[in-house]
Amino acid sequence: MNGRTLFTRLIPALFLGLIFLAPAQAIGGVGNLSLLSGAAAGGIAASLALPELGAEIVAARALGALGRVADDVARGATKNNALEGVPVETFQGSIHRRMLQNDVEAFRYSGGASDPKGRFLTTRQTIRQINSSEDAQRVLQLPAEATAEKLNSFTIPKGTEIFAGRVRGGPAGASQVFIKDPGVLR
Amino acid sequence: MNLKIRLLAILYELLGFLETHKVNYASAIKRIVKTLEPIIDHEELQQAIKDSRRQLLGGMGSLNDVWITKENGHVVDDEKAANRRLEEYREKLRRILVQE
């Protein structure tokens, strides 16, 4: 690599790196989306390491009361509409937004008032913590009417916009994925 | 009690909407309505509203999670329009439940 190549290739790369790395560090260190890496173990190529060119990270700190969260996000949404239509009150901590670059396998519990297809899904890593309907209700903070009798598996196709993060009120490692249009699920 | 009237008005409308489309979740709304209707005490109402937040504004299994589609066995012709209307109901409820 000669001096000119170094200048034309390395400098822009460093610049881009700063753009994507700096916000990730500022919101508390979200170096990777390990919560979704279980899908890769399931046989579907799903490389979700962040920061990654093209990935966008939106931080919505879940701070205390529901109203406070909504207020914080409402203010953020004025500047960036990325979280519009996302039920931010259901997340704890940061919400990671991205476009999937590969198909990803995800899961849902249904039963009672809850149907197989819906807007919230969870990860393979999370369902490893679940051995019964009661576990599912506790880990995913399901309401009483959602009886979690059946586990459904779906593929979220490449190109889908997802919002991932911790389940509010759930144990550490309980992750959820929100999608705006479950019509894409296969 | 103004809050209760406003909340129930939305829930009645939402219940009718969900029943029209044969959405299972109507049973959960019916239960919330039955809980709220007889309440006259302010503190009791606040508690009932707090309890219903998880049911309505929670994640998986809550109203936030509902997606109207034939694939779920719902009766619907225009899925896009039905889900848009459902989101309007959610937004109305969110405004009341988050503010109170």
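In chain B, the cover over the buried residues of α2(B) includes α1 (2-20) and α3 (42-57) of that chain. This is a predicted model. Chain A contributes 27 residues to its contact with chain B, and chain B contributes 22 residues.

**Helix α2 of chain B**
- Helix α2 of chain B spans residues 26-36, and its buried residues are A28(B), I29(B) and I32(B).
- Viewed down the axis of α2(B), these buried residues fall within an arc of 100°, so they line one face of the helix.
- I29(B) is also listed among the residues with the most contacts inside the largest nonpolar core.

**The nonpolar core**
- The largest nonpolar core has 52 residues.
- From chain A, the residues with the most contacts inside this core are A136(A), L140(A), L142(A) and V177(A).
- From chain B, they are Y25(B), I29(B) and V66(B).
- Leaving aside residues up to four places away in sequence, V66(B) touches G118(A), V23(B), Y25(B) and L86(B).
- In soluble globular proteins, nonpolar side chains tend to be buried together.

**Where the chains touch**
- On the side of chain A that touches chain B, α3 (66-79), β2 (104-112) and β3 (120-122) of chain A each supply at least two residues.
- The most comes from α3(A), which gives three residues.
- By type, the residues on this side of chain A are 13 nonpolar, eight polar and six charged.

**Layout of chain A**
- Chain A holds five helices and six strands.
- Read from the N terminus, its elements follow the order α-α-α-β-β-β-α-α-β-β-β.
- Chain A has 186 residues, of which 39% count as buried.
- Among contacts in chain A with a separation of 6 or more, 69% join residues 24 or more positions apart.

- Strand β6 of chain A covers residues 175-178, and both of its faces are covered.
- S175(A) and V177(A) are buried on one side of β6(A), and Q176(A) and F178(A) are buried on the other.
- In a regular strand the side chains alternate between the two faces of the sheet.
- β6(A) pairs with β3(A) in the antiparallel sense over three bridges.
- Here F178(A) is the bridge partner of F120(A).
- β6(A) also runs antiparallel to strand β5 (residues 161-167) of chain A, joined by four bridges.
- In that pairing, G165(A) has Q176(A) as its bridge partner.

**Strands β2 and β4 of chain A**
- β2(A) is mostly covered, with eight of its nine residues buried.
- Eight bridges pair β2(A) with strand β4 (residues 146-156) of chain A in the antiparallel sense.
- G112(A) stands opposite A146(A) in β4(A).

- The average pLDDT of chain A is 70, and 57% of the residues score at least 70.
- Over residues 13-79 of chain A, pLDDT stays under 50.
- The model still has 105 contacts beyond four places in sequence for residues 13-79 of chain A.
- Where pLDDT is low, the predicted coordinates should not be read in detail.

Conventions: Residues numbered from 1 in each chain as written. Chains lettered and ligands numbered in written order. Predicted model: local features only at pLDDT ≥ 70, side-chain atom pairs only at ≥ 80, totals over all residues. Contact = placed C-beta atoms within 7 Å. Nonpolar A, V, L, I, M, F, W, Y, C, P; charged D, E, K, R; others polar. Core = buried A, V, L, I, M, F, W, Y, C linked by C-beta atoms within 7 Å. Buried ≥ 20, exposed ≤ 12 C-beta atoms within 10 Å, placed from the backbone. Pairing = 2+ DSSP bridges. Arc of directions from axis to C-beta. pLDDT = per-residue confidence, 0-100.
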